[in-house]
Amino acid sequence: MSSFTGTARLARLALRRDRTRLAVWVGGTSLIGYALAQSVAGLYPDEQTRLGYAEAAVTSVVARAFNGPIASTDLGAVVVTETYLTLALLAALLSTFTVVRHTRQNEETGRAELLGAAAVGRYAMLSAALSVVVGANVLTAALLAVALAGAGLPVAGSVAAAAAIGGVGVAFTGVAAVAAQLSVTSRGANALAAAAVGVAFLVRAAGDVLGEREVDGVRLVSAWPTWLSPLGWGTQVGAFAEQRWWVLALPVALLVVGVAVAYSLAERRDVGSGLLAARRGPARAASRLLGPAGLTWRLQRGALAGWAVAVAVLGLSMGVAGHEVDAMIAENPAMAEAIAQLGGGSELVDAYLAAMLGLFALTIGAYVVQAVLRIRADESDGILEPLLATAVSRIRWLGTQVLGAVIGASGLMLLAGLTTGLGYGLASGDPVTWGVELGWAALLRLPALLVVAGVVTALFGVVPRWSVALSWTALIAFLLLGQLGAVLDLPQAALNLSPYSHVPSVPAVDVTVRPLVALTAVAAALLTVGLLTFRHRDTPT
């Protein structure tokens, strides 16, 4: 029997398990790419506005760190600079999570041993996961190229830009394959892979911050550290400039090396074990773990800490950038109007800060979805039944999980407001006042996050099998409607479907209590539906 025996069947099984996830991933990425391209094209419609953008992009340290280099003043180059980081991070994280799900998680839950009892080779499970993820990245790149071309960008540049995004996903597929061999848990493997993404971002940012200007000061040429990062390779393709196609060989090479290393490591360990020894826990569990609240905190603290670090760094960066907003868009009325639409006010700086807090609320909505959906993973993996066999009621268990996610989201939003205010205050000279003001403004976004938690909880109670896919789909819809809807001139009836559309955009506008109360009431109704339906349905289902 070959070491790859059963790969095709396991690949079909993985496709069967993830048919909805993969559809949302592939279709959602192209949809987001199209919407972002249309939005950016509307903000920079002529050469003069794009020239102003390019000058600001290469001058601002924050812009260079987050957006990367700009290759030219062509519309396509501006679109890539504005959208690359979002799409690349999506490709990287979705690729790593999917590889770990079909390798390490299978071992952790015992599925691997059951499958291994059949005619399955040692490398079959890993090979199946890799083939599915690489195929998903290729298909995503193809649809994204069509979406960008459909948005009016040149075909050749669209193909190169989409291939760069797909290349990022392919590169981190190899990274995730190695991470799955090192850690004994899926959570640990995901943490290792996410840490690799974070390091790649920092290395790429360092290279772009150290870069030099060329062509009349409106083109940024990255320094050598960028070439050490898989995220940096995508920016060096030059999609709408010189189009260096050979750069796409680098992520393929990393994939090949990663797969070879993963196969070698798989030979050196037993099924269910990892090459990194699991840390021994205390001989006696803490008393707080006897209740669902303590257990919830224990399970969520690692993810919450990672989110907190990312939010703090982004908050400080966005706050510092706020001091430059007037200079960056002084000659771009369309950009000023878009910020006013997103922020909801006429004062440009206040509108910018409000828009940033709105983006943080949307991003932290992903944390809420992730934290609440852990309940579905516990149910489908069989962990929930032993817990409910104790004195813990269904409503108490589910309510504690949701409450933990809401408390975590509250802390992250407060941190986002404080760090954004601190960053802006340090640049403008009053960090304490701005920190307090934006911290309070950030907490006013919580009712929208409560609605997100309510939607996920209701879906878990009513349609548990579809709850994962529908929850992420709902969050993507809120993103498109709540943040891009105004820029894309969508009808107000569509915008009203997003809870984020009803939150007052403080500090750009005054606080209004009525929409906050209405959102809280909607969230309470959704949470009640989820709790009651979960109480009366079978487990698992």
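I looked up the second largest cavity of this predicted model and noted a volume of about 30 Å³. I listed its lining as Trp25, Ala91, Asn137, Thr140, Ala141, Ile165 and Gly166, where α8 (124–150) and α9 each supply at least two residues, and where α8 has the largest share, with three.

I then turned to the search of the whole structure, which finds two cavities of 30 Å³ or more, and for the largest cavity I noted a volume of about 50 Å³. The residues that line the largest cavity include Ala163, Gly167, Trp233 and Leu248; α9 gives the most to this lining, with four residues, and the classes are nine nonpolar, two polar and no charged.

Next I looked up the second largest pocket, which holds about 390 Å³ of space and is lined by 31 residues, with Pro69, Ala71, Thr235, Gln236 and Gly238 nearest its centre. I noted that α5 contributes the largest share of the lining, seven residues, and that the lining divides into 20 nonpolar, eight polar and three charged residues.

Last, I looked at the surface, where Trp440, Val511, Val513 and Val517 form a nonpolar patch with about 400 Å² of accessible area together. I placed Val511 in the loop between α23 (492–495) and α24 (513–536), and I recorded Val511 as partly exposed because its relative accessible area is 41%, which lies between the 20% and 50% limits.

Definitions and conventions
Residues are numbered from 1 along each chain as its sequence is written. This is a predicted model: local features need pLDDT of at least 70, side-chain atom pairs count only at pLDDT 80 or more; totals for chains, interfaces and linings use all residues. Side-chain values use heavy atoms; hydrogens and water are left out. Patches are made of residues with over 30% relative accessible area and no salt bridge: like charges are joined within 9 Å, nonpolar side chains (Val, Leu, Ile, Met, Phe, Trp, Tyr) within 5 Å. Accessible areas come from the Shrake-Rupley method with a 1.4 Å probe; for residues, only the protein chains shown count as cover. A salt bridge is a side-chain nitrogen of Lys or Arg within 4 Å of a carboxyl oxygen of Asp or Glu. Buried means under 20% relative accessible area, exposed over 50%, partly exposed in between (1.4 Å probe, protein chains only). On a 1 Å grid over the protein atoms alone, a cavity is a set of points where a 1.4 Å probe fits but cannot get out, and a pocket is an open set with protein on both sides within 12 Å along at least five of seven lines; lining residues have an atom within 4 Å of a point. Grid points are joined across faces, edges and corners, and a volume is the space filled by probe spheres set on the points. Ala, Val, Leu, Ile, Met, Phe, Trp, Tyr, Cys and Pro count as nonpolar, Asp, Glu, Lys and Arg as charged, and the others, Gly among them, as polar.
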